[in-house]
2 protein chains.
Amino acid sequence: MLDTVMIWIDKNSRRWLQDVQQWLSIPSISTDPNHVADMASAAQWAQHYLRSAGLHAQIIETPRHPCVWATTPPEMCPRGASHVVIYGHYDVQPPDPLEAWVSPPFSPTIRGGQIVARGASDDKGQTFCHLAALLAWREVAQEFPLRISVLLEGEEEIGSPNLRPVIEQLKPLLSDAAALIISDSSQFAPGIPAITSGLRGMVYAQLTLTGPSHDLHSGIYGGAVANPATALCQILGKLHDATGRVTIPGFYDDVDAVDAPTRADWAKLPFSPEAMARDIGVKQLNGEHGYTTLERRWCRPTLDVNGLTAGFQGNGAKTIIPGSAGAKVSMRLVPRQDPEKIAAALEPFLQSLLPDGIEMQLEILSAWPAVLTATDSPAISAAMRAIRTGLGNDPVIVREGGSIPVVNWFRQILGLETVLLGFGLPDDNLHAPNEKLDLDCFYGGIRTSAALLDELARQFS
Amino acid sequence: MLDTVMIWIDKNSRRWLQDVQQWLSIPSISTDPNHVADMASAAQWAQHYLRSAGLHAQIIETPRHPCVWATTPPEMCPRGASHVVIYGHYDVQPPDPLEAWVSPPFSPTIRGGQIVARGASDDKGQTFCHLAALLAWREVAQEFPLRISVLLEGEEEIGSPNLRPVIEQLKPLLSDAAALIISDSSQFAPGIPAITSGLRGMVYAQLTLTGPSHDLHSGIYGGAVANPATALCQILGKLHDATGRVTIPGFYDDVDAVDAPTRADWAKLPFSPEAMARDIGVKQLNGEHGYTTLERRWCRPTLDVNGLTAGFQGNGAKTIIPGSAGAKVSMRLVPRQDPEKIAAALEPFLQSLLPDGIEMQLEILSAWPAVLTATDSPAISAAMRAIRTGLGNDPVIVREGGSIPVVNWFRQILGLETVLLGFGLPDDNLHAPNEKLDLDCFYGGIRTSAALLDELARQFS
């Protein structure tokens, strides 16, 4: 039956393009209050599309932007079929700077074998591949190979502030799910599809140092009182050693070395640190000694200062000893590092570095663990076969340096493992002007999704 | 003749109070555009007062607030008499927070033996002491003991942006001056008058570090690229050693140890570090090891971070590696340290601390040397005798941690030495609500100024 579905998908290539362009033309910018109505339209568009694919689809309101929730009707699924969940997001980043776009961001344009539009890759375009595959199964087979739930979010680009309660609310309907499918990442390179098996975790902290009860004249008092801004630099300057390792006691206790075969696999990937340096505008990359750039991003924990604020920040000179100084500090964690343990180790270490006359407040703003999927799990095996069928090449197993909170929530609330397979490419200009999705990736994505449903049904049967 | 002048001053105590209250009632807030007319009124008041004291007085306009310039007429000075300059400022700090004042800041009130008003001490009240002394000499003696020029500024509280050109313009009229008198400091404590013999110099720098050409996602790139905010902390954190000394090479090369008798004199002053800590709201003072609090403020050079800015500074979390990070850094210098040399040593030292992948821009915003007056100079000797006559006690010789740019300009442009003698007290609430000047200090200040003119005339004759 999959063969027939695939033929039908290929025959309808013009239709997929028309459909996705419709969705992409709705400016669903979640962060912009002027686009609240567009957000609702984009959610309704997805609801209608899922209904046309035969699913029961509804809008779930949240305090800000709605979710779309859809399930395959029992009568259209094999008796006793397994259950998988597909997550995607229909909101997009703001298109600024508008003048840098070659064609308007919400007038999707086909140019040089690419769909150019805001959201073409992140994430409407990739999410659409799953919607199209569902429609194809319904049209060709009149039924689905297994039970499928779809959850589309409208707040991913603003940090998913209202998603967790929605997942909790849906928990009874999801308790028997076998896997979560997310296509919000990318292939490793053209012709090299990828499955993302690991995400880093995070501890994000707000640090405030206070000294004098008010700003002091730096002439009258300078040298006789600890300066919170100077102290902040001294403390944060001690959080790395000369080899780039984080100095918090116990920080590396639970960090596993990545095995030699995996490191060898990564070393073989066609990745150019020089090209990355050029892309981000630095003369030279830099990081923990003894690791390659991909290792530093994928399997090593980090500590970064995300923001600093103290004293006088305007033009010119003001001679003060600031009364306080603040910093945002975040750590990216790797598998087995416990975010609670790391957060708990941070405070006493910072305290031990405080000079006399300075007080400290530390607030942990987020703490979630890294994610590492077994690369030989049934869902991953199914995804690998589906990618081979849909995109024509074997995928590589990679990791990602960032964190995707929804993956943790599905794991925490439902114990669900995620399969992260992306159809786009690293140069899709996510969050930047002229975002695009190659047509090869787009059609390959629909084919991969159709094959994936079939493979998962077999795997879990 | 001085005796007669002193008697006349004492007899007219009610008059002085009425006169100074008039001047204090004009809200001459230089920083507030709503008070431009009041600034002009306060300048005119001084001009008229100086005219009533027999001087030729005029307004010198500047791009913002005017100066008042006055000179004793040749026919009212002894032939071939020496020439001294008195500097003061008629602008005041804003009175906020208004609700903290017991009486309105520009309704001068006599309460508990004190004049309470904005500007009572800083600097209208202290400057008025000199104007009153001039009037007394004129009334009693019909002439002045020596030639006197008076320069009053209206922009001291906003950094004297237009004063230097005025001094340069007046240079031909000031080239034969023997000393500059400034009363904009304070006595050391009640009953302990002070002459300030030293001011620290300053180098103020703006440091900017740049890394990636734009903010990066700290998940995707974290650990693989040098972070400008982290680097800023690492660099600034290395500018002091564990004993609180500044680590810039050569920083202490030209720093003279203060001689043992001077240190012993300072140690005998009734100064309480605990009281100072309480006043500024810290549990504990802190500074360079091996020095007392007064030594740290008066004779040791320092480095302070005056401001920090980088990346995300709002509420909550944003996971970025900032593209740049900036700091304001200032050093207070002591005598013989060359600000140009220190500024020149800073740049290569900071460069040597830069991690790969980070670029640096350094801008020196100001650089002026410390001031140290010989404590046995003729003008200081005259001032010590005048203080004994006018305030009834011998003064102590102290220093001040801050810098007064006008002192450097008079030295640079005219080679003129300054005598800093203040009539107020350290608890006069300068720049704070309920600023005051004790009546004892006020009358003693007028007497001291009258005596000083006599002593300077003898000293330089």
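**View 1. Domains 1 and 3 of chain A, whose C-alpha centres lie 28 Å apart.** The contact between them draws 6 residues from domain 1 of chain A and 5 residues from domain 3 of chain A, two residues being in contact if their C-beta atoms, placed from the backbone, lie within 7 Å. On the domain 1 side, 3 residues are nonpolar, 2 polar and 1 charged; Ala, Val, Leu, Ile, Met, Phe, Trp, Tyr, Cys and Pro count as nonpolar, Asp, Glu, Lys and Arg as charged, and the others, Gly among them, as polar. The model is predicted: local features need pLDDT of at least 70 and side-chain atom pairs pLDDT 80 or more, whereas totals for chains, interfaces and linings use all residues. Residues are numbered from 1 along each chain as its sequence is written, with chains lettered from A and ligands numbered from 1 in the order in which they are written.

**View 2. The open sheet β4-β5-β18 of chain B, with 3 strands in antiparallel pairing.** The edge strands, β4 (109–111) and β18 (436–438), each pair on one side only. Strands are DSSP runs (E, at least two residues) numbered from the N terminus, and two of them pair if DSSP finds at least two bridges between them. Strand β5 (residues 114–116) of chain B is joined to β18(B) over 3 antiparallel bridges. I115(B) stands opposite L437(B) in β18(B).

**View 3. The surroundings of A383(B).** Not counting residues up to four places away in sequence, A383(B) touches I195(B), V419(B), L421(B) and L452(B).

Terms used
Helices (H or I, at least four residues) and strands (E, at least two) are DSSP runs, numbered from the N terminus. Domain bounds come from an automatic or database domain assignment.
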